[in-house]
Amino acid sequence: MYAITGITGQVGGALARQLLAAGETVRAVLRDPRKGEAWAAQGCEVAVADMDDAAALAEAFAGATAAFILPPSDFDPEPGYPGARRVVEAVVQALQAARPGRVLALSTIGADAAQDNLLSQRTLQEAALRELSLPLTILRPAWFVENAAWDVPSARDEGVIHSFLAPTNRPVPMVATQDIGRVAAELIREDWTGQRVVELEGPRRVSPDDLAAAFAAALGRPVRAEPVPRETWEGLFRSQGMKNPVPRIRMLDGFNEGWIEFRDGGRHALKGRVEAAEVIAGLVARG
């Protein structure tokens, strides 16, 4: 039995569907029992647990062949990341109590960056999980191609995608969530010992200009990428309701300045199968 947290998200859901298709038993770990109904209908066991509730998580992980750890993302964290620290502490306590056979944790590119940024929340997670005496795989995927969902309205209505990645012709490691779910399903079923880090990006690197071209092909009209000026970011993010935009700004700086990157420039990273243009076509089709 595989205990899957984050199952209502894109990656957790893709992983669960891959496992169910392979005939595996899946326990959906989620905080809202109403959302568990759809997964129960697909044949999952359902365990209700908040990600900062160590006791409930321990029950959810009990008897698992493996547990998949995907904490909720916090794009506007308080200074020092107290929310992430609470979740990490609860997850570690639960894993220590339940002792599943092995652990697969979703992290991110940039979790090993020396400079503080939004992705440092996953740095904290990795460090805490490494203290466990359990077989551990840390999966570090690249920038999600599905982040381009935010660009659908402007691409459709204005013929523009507003890019925080610059310059717009610079390729960036990206990956489709479908590939993350597939690779996660393969990794979690493997029998390993010790600890390992697996990096994952798509079949080729993708620039904002490439994304614009994919939108143009999907929409049947010209679309261009325009960089959002760096000096406007803080004011823009605060106008959108963010209280602490600095970590997000530093993350974007990390991609643009090159200090958020896979080791050896991704030469040792696994390569996915899904092209960015396929993802963009799907986003456009869904509106």
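Which residues in H8 meet which residues in H11? This is a predicted model, so local features need pLDDT of at least 70 and side-chain atom pairs count only at pLDDT 80 or more, while totals for chains, interfaces and linings use all residues. Residues are numbered from 1 along each chain as its sequence is written, and side-chain values use heavy atoms, with hydrogens and water left out.

**View 1. Helix H8 against helix H11.** On the H8 side we have Leu211, Ala214, Phe215, Ala218 and Leu219, and they meet Ala276, Ala277, Ile280, Ala281 and Val284 in H11 (contact means heavy atoms within 4.5 Å). H8 covers residues 208–219 and H11 residues 276–286; helices here are DSSP runs of H or I, at least four residues, and strands are runs of E, at least two, numbered from the N terminus. The two pack at an angle of about 50°, with axes 9 Å apart (axes are lines fitted to C-alpha atoms, for helices over the stretch in contact, and angles run from 0 to 180 degrees between N-to-C directions). That makes H8 oblique to H11, given that under 35 degrees is roughly parallel, over 145 roughly antiparallel, 65 to 115 roughly perpendicular and the rest oblique. Their crossing is right-handed (the near helix is turned clockwise from the far one by less than a right angle).

**View 2. Helix H1 against helix H7.** H1 (residues 10–21) and H7 (residues 177–189) pack at about 55°, axes 8 Å apart. So H1 is oblique to H7, and it passes H7 in a right-handed crossing. Among the residues making the contact are Val11, Ala14 and Leu15 of H1 and Ile180, Gly181 and Ala184 of H7.

**View 3. The ring cluster of Phe164, Trp233 and Phe237.** Rings of Phe, Tyr and Trp (its six-membered ring) pair if their centres lie within 6.5 Å; planes under 30 degrees apart are stacked, over 60 edge-to-face and the rest tilted. The structure holds three aromatic pairs. Phe164 and Trp233 are edge-to-face, 5.7 Å centre to centre with 70° between the planes. Phe164 sits in the loop between strands E8 and E9 and Trp233 in helix H9, so this pair ties together parts 69 residues apart in sequence. Phe164 and Phe237 are tilted, at 5.3 Å and 45°. Phe164 is buried at 18% relative accessibility and Trp233 at 2% (buried means under 20% relative accessible area, exposed over 50%, partly exposed in between, with a 1.4 Å probe and protein chains only).

**View 4. Arginines over rings.** Arg248 has its charged end over the ring of Phe164, 5.8 Å from the centre, and Arg196 lies over the face of Trp192, 4.5 Å from the ring centre. The cut-off: NZ of Lys or CZ of Arg within 6 Å of the ring centre and within 35 degrees of the ring normal.
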